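Please keep the sequence and the coordinates at hand.

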Amino acid sequence: MLGKFNIRTDLALEAKESFEEDNVEIRGVRIHETEDEENEIRTTRVVIETENGAKAMGKPVGNYITMEAPHMSVPDEDYHREISRALSGHLKELLGGEEQSVLVVGLGNREVTPDALGPYVVNNVNITRHMIKEYGKASVGGGKVNQISALVPGVMAQTGMETLEIIRGVVEETHPAVIIAVDALAARSTRRLNRTIQITDTGINPGSGVGNHRNGINKEVLGVPVIAIGVPTVVDAATIVNDTMESLVETMDKDENIRNLGGALGTLSKSEKHQMIRELISPHLNTMFVTPKDIDETMKRISYTISEGINLALKLS
């Protein structure tokens, strides 16, 4: 059974596109882009600094980072190694350099491949808490080390419990200083499918990407900072239709003979077109989500890349 897919958190890219489209700067919101041309990794960071900015963007105050890696689904070890290093740099910045207890949570349904990103990542995270508790820091190399523990809470259909209930119980018992939550996302654009890694320090809302709204996993609820990492692994029917129509309008605009056929459609914003399509497509297509045919291998590859980024970020000495 499909457990859930998380909310689309590609706010960094959406904010940049909205700014370019409307040419309006929002007070309390900063957008910064960097590009590693050698490794073909583009990073967009949106920082919401004030409550005014949060209200305008519809997101909490915090950092929203999107790494675009167009060849992330390709089996190139060197390329994936660079992605891991870039990811670790962003995580180190959000985590700080101090020694602390970190709980890594792998959200999702292990039985459904495109939703198994979180559990797959946890499989390859270096767990140290039990060793340090039992034998001291010398057992893991000594020096400054993080106490790393991990949890795969499953989904409600498997456990009968809210994911938040399970995490809250573990947090109350083990007292981590920070949580890193990894989850699969629903893409807002087909070109981002399995090609972006999204990071935020504002937590996560499981299931809202497909309408299965669950309690938020964030600092306000758990009392512990939550850093969320996600990769879009599925895309809904409305998004596929929307992207097709975008390409169609662009093609029409390039040809003078058919330019007028686009009509008013070409004057709508991306969000307006997406909403219109969602309302027009038949009800059974509204619940349809699609994933690439090679998702099995892609998920294993991307999950390992993310786990290596987490391992690098949590290694202090």
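Which residues does I310 touch, not counting residues up to four places away in sequence? In this predicted model, where local features need pLDDT of at least 70 and side-chain atom pairs count only at pLDDT 80 or more, totals for chains, interfaces and linings use all residues. Residues are numbered from 1 along each chain as its sequence is written, and side-chain values use heavy atoms, with hydrogens and water left out. With contact taken as heavy atoms within 4.5 Å, I310 touches L91, V104, V121, I180, V182 and I229.

I310 is among the residues with the most contacts inside the largest nonpolar core, as are L91, L117, I197 and I306; this core has 35 residues. A nonpolar core is a set of buried Ala, Val, Leu, Ile, Met, Phe, Trp, Tyr and Cys residues joined through side-chain atoms within 4.5 Å; buried means under 20% relative accessible area, exposed over 50%, and partly exposed in between (1.4 Å probe, protein chains only). Among the elements that each supply at least two residues of this core are strand 3, helix 3, helix 4 (117–123) and helix 12. Helix 12 gives the most, with 7 residues. Apart from this core lies another, of 16 residues, among them L103, L151, I179 and L222.

Helices (H or I, at least four residues) and strands (E, at least two) are DSSP runs, numbered from the N terminus. The expected span of a helix is 1.5 Å times one less than its number of residues, so the 19 residues of helix 3 (residues 77–95) should span 27 Å, which agrees with the 26 Å between its end C-alpha atoms. The buried residues of helix 3 include Y79, I83, L87 and L91, and their cover includes strand 2 (41–48), strand 6 (178–187) and helix 12 (295–314). After helix 3 comes G96, whose phi is positive, near 85°.

Because E82 and R85 are 3 residues apart in helix 3, about one helical turn separates them. E68 and R191 form another salt bridge (3.7 Å, N to O). This pair links distant parts of the chain, 123 residues apart: E68 lies in strand 3, R191 in the loop between strand 6 and strand 7. E68 is buried, since its relative accessible area is 14%, whereas R191 counts as partly exposed at 47% relative accessibility.

Notes. A salt bridge is a side-chain nitrogen of Lys or Arg within 4 Å of a carboxyl oxygen of Asp or Glu.
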